[in-house]
Structure formats: C-alpha cells, structure tokens
Amino acid sequence: MFGSVVVGVGTAGFVRIRDMLAPLPSSAAEKLSVKGFISRRTLEEQQGVKQITVEDALRRDDIKVAFVCTENAAHEENIRTFLEAGKHVCVEYPMAMTHKTAVDLWDLAQEKGVVLHEEHIELLTADFKQLKKDIAGKKLKEGSLHFTGGPLKPGFGFPAFSGIARLTWLVDLFGELSVTAASMEEDQENKYMKMTTQLMTKEQKPLTWIEERGPGLPRVKNINFCFDSCTMTQLPPAAREPVGLFMQDLVLFSQKLLGQVPRDQLHAERHRVLHCLELADRIQQLSQQGQGSAQDA
C-alpha cells in the first residue's frame with residue numbers, strides 16, 4: 001500500500017481524498033491509502049481524514065505519496081519538498097511556472113528514484129477522446145481553439161500556464177508546435193484578459209489559440225479545425241463515461257507507482273509535458289514583450 005497525503009483541500013484536493021477513500025474496484029488505485037491532508041488553514045476532518053503538518057508527512061515512513069492540489073504558484077515548492085524527502089508526487093497541471101523549473105523537478109525525481117506525475121484530465125474527457133478518433137488520418141489545413149471562462153483567482157499564473165490544458169489538447173492532436181506570435185490584452189480593473197497565440201505545426205499549418213477570461217463569460221471551448229476533407233466547428237457528442245476523470249488519472253498514477261506503465265509511454269508523456277511548458281514560456285515572453293512595447297509607445 002502507498003500511504004498518501006493531500007496538500008491543499010480545494011476542489012481537486014477534495015476529489016483526491018474522495019477517490020482514495022472509494023477507489024475503482026479491482027484497479028491499481030486500490031493500492032493508495034489516504035493518511036491525512038495538509039492545509040495553510042486549521043480545518044476540521046475532511047471526509048473523515050485528519051489534518052497533519054508538512055513535517056509529519058515528510059518524516060512518516062507510512063506516507064509514500066503526496067498529491068499537490070494547491071494554487072499553481074505553490075506547486076514548485078511543494079513538489080520539491082516532497083521529492084527531496086523521497087516521496088512520489090502527483091500534481092495538478094501545471095507542475096511549474098517555467099520550463100526550466102519543470103526539467104529540474106523531473107531530474108530530481110529521477111535522482112531520487114520516485115514518480116513525478118502531472119495530471120491532465122483534459123486528455124481523458126469523452127469528447128476529447130472522440131475528437132481524436134474523428135480527426136485521425138485527416139490532414140490539417142488550419143485551425144483555432146478559443147477558450148472562454150470566468151476570472152481566475154490570484155496565484156494561477158500567466159494564461160499560457162493556467163490554460164495549459166488547451167495547449168496540451170493542441171499538441172496531443174497535432175504534434176509538436178512552434179510559437180510564431182503572441183499578444184495579451186488586459187483590463188485588470190474589470191478582471192478581463194485575452195491572450196492570443198499563433199502556432200505552427202511541423203507541417204507548417206497555422207493554429208490560433210485564444211484564452212479569454214472575464215466576468216460573465218461562459219466556460220466554453222470553441223473549435224474550428226479545417227481539414228483537407230471537412231471542417232469541424234464543434235466538439236463531437238460523446239457518451240459520458242462511467243469512471244470519473246480524476247479516478248481515471250488516479251488509476252494511471254497508481255499504475256506508474258506499480259511499474260505497470262511502459263517506459264516508452266512514460267518518455268512520451270514527459271516529452272509532451274515539457275514541450276507544452278516550453279511553449280508556454282515562449283508565449284509569455286512574446287506577450288509581455290508586446291505589452292511592454294505598447295506601454296512604451
């Protein structure tokens with residue numbers, strides 16, 4: 001059994017505790033056992049699980065795993081702390097706010113001989129799985145992905161990182177990408193922002209990624225993918241799957257702990273995660289250069 005601690009008990013932390021208390025029967029997730037949770041606040045028991053300190057979690061031999069479910073800005077510090085103590089770590093995306101930091105953390109995990117897993121439930125949704133099937137074999141001519149949603153709370157970072165799930169979609173669908181341009185519009189007083197990124201596939205086909213957030217904006221992904229044989233302007237209908245997204249991710253992480261995931265799959269996943277973080281770095285750099293130029297003018 002892998003005794004586990006959950007760091008942060010917001011929505012994701014709550015679900016992690018729930019899923020470990022009632023894991024998918026006959027799955028690798030049954031090998032996880034939640035031993036406590038950590039929070040900056042002093043809280044009562046959560047779903048019957050007691051609060052413990054970071055120091056307790058680090059020193060206890062029966063705790064082998066940490067689930068990091070804090071705001072994005074706190075991910076790096078928490079991951080590093082538990083990796084240094086020789087604990088396996090599962091973290092909600094993004095694991096870090098720079099590509100270099102993520103490389104360092106992954107190298108540290110390798111050095112310590114433990115698993116570092118970045119959650120990407122957006123790749124496990126039924127509509128994404130169906131979309132991937134539907135576009136298989138089609139040749140992209142151009143495309144766009146426009147995400148809208150409400151304002152983010154502080155601590156979630158630049159939109160290329162807080163919205164890296166959408167970037168991960170594009171990379172998983174169309175392969176490695178390069179950034180050709182990026183810009184950012186922001187109205188802090190009204191809690192509005194819009195990031196526009198121009199991307200290019202290896203086949204030199206253009207993709208546009210837009211992250212737009214503000215009060216009253218619905219949480220929606222709008223797609224427009226033009227292929228040689230058709231154009232897709234909405235996500236395909238897909239039946240809801242019986243196993244929840246976080247549970248699917250929990251099973252995958254547990255399989256990694258048990259050594260059940262092929263080495264080539266692990267390598268491909270690491271490559272994809274780091275590639276997306278490298279793209280996010282470049283998008284932030286170009287966007288901020290543009291903002292600086294606008295302010296100078």
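Modeller: A definition comes first: helices are DSSP runs of H or I with at least four residues, strands are DSSP runs of E with at least two, and both are numbered from the N terminus. Please note also that this is a predicted model.

Biologist: What does the UniProt annotation say about residues 128-238?

Modeller: The UniProt record, an unreviewed entry, annotates residues 128-238 as "domain: Biliverdin reductase catalytic".

Biologist: And how much of the chain over residues 128-238 is helix, and how much is strand?

Modeller: Over that stretch, the chain is 21% helix and 44% strand.

Biologist: Let us look at the strands. In what order do the six strands of the open sheet stand?

Modeller: The order is E7-E8-E9-E6-E10-E11, and the pairing in this open sheet is mixed. Strand E7 (177-187) and strand E11 (231-232) are at the edges; each has a single partner strand, so one side of each has no neighbour in the sheet.

Biologist: What holds strands of a sheet together as pairs?

Modeller: In general, strands pair through backbone hydrogen bonds, and they may do so in a parallel or an antiparallel way.

Biologist: Then in which sense do E7 and E8 pair, parallel or antiparallel?

Modeller: E7 and strand E8 (residues 192-201) are antiparallel, with 10 bridges between them. As an example to find in the structure, valine 179 is opposite leucine 199 of E8.

Biologist: How many bridges join E6 to E10?

Modeller: Strand E6 (residues 140-149) and strand E10 (residues 220-227) run antiparallel and are joined by eight bridges. Here glutamate 142 faces cysteine 226 in E10.

Biologist: What joins E10 to E11?

Modeller: A hairpin of three residues connects E10 to E11. These strands run antiparallel with two bridges, and phenylalanine 225 has methionine 232 of E11 as its bridge partner.

Biologist: New topic: helices. How does one describe two packed helices?

Modeller: One gives the angle between their axes and the distance between those axes.

Biologist: At what angle do H1 and H8 pack?

Modeller: Helix H1 (residues 11-21) packs against helix H8 (residues 245-257) at about 65°, and their axes are 10 Å apart. Angles of 65 to 115 degrees count as roughly perpendicular, and H1 and H8 are therefore roughly perpendicular to each other. Their crossing is right-handed.

Biologist: Which residues of H1 and H8 meet?

Modeller: Ala12, Val15, Arg16, Asp19 and Met20 of H1 meet Phe246, Met247, Asp249 and Leu250 of H8. By class, the contact of H1 with H8 has six nonpolar, three charged and no polar residues.

Biologist: At roughly what angle do the axes of H5 and H7 cross?

Modeller: The axes of helix H5 (residues 126-135) and helix H7 (residues 164-174) cross at roughly 30° and come within 10 Å. That makes the two helices, H5 and H7, roughly parallel. In this contact, H5 supplies Asp127, Phe128, Leu131, Lys132 and Ile135, while H7 supplies Trp169, Asp172, Leu173 and Phe174.

Biologist: And at what angle do H3 and H4 pack?

Modeller: Helix H3 (residues 75-84) and helix H4 (residues 99-112) pack at about 15°, with 10 Å between their axes. H3 is thus roughly parallel to H4. Among the residues in contact are Ile79 and Leu83 of H3 and Leu105 and Leu108 of H4. By class, the contact of H3 with H4 has five nonpolar, one polar and five charged residues.

Methods: Residues numbered from 1 in each chain as written. Predicted model: local features only at pLDDT ≥ 70, side-chain atom pairs only at ≥ 80, totals over all residues. Heavy atoms only, no water. Pairing = 2+ DSSP bridges. UniProt positions renumbered as here; feature names shortened; annotations may be inferred. Axes fitted to C-alpha atoms, helices over the stretch in contact; angles between N-to-C directions. Parallel < 35°, antiparallel > 145°, perpendicular 65-115°, else oblique. Left-handed = near helix turned anticlockwise from the far one by under 90°. Contact = heavy atoms within 4.5 Å. Nonpolar A, V, L, I, M, F, W, Y, C, P; charged D, E, K, R; others polar.
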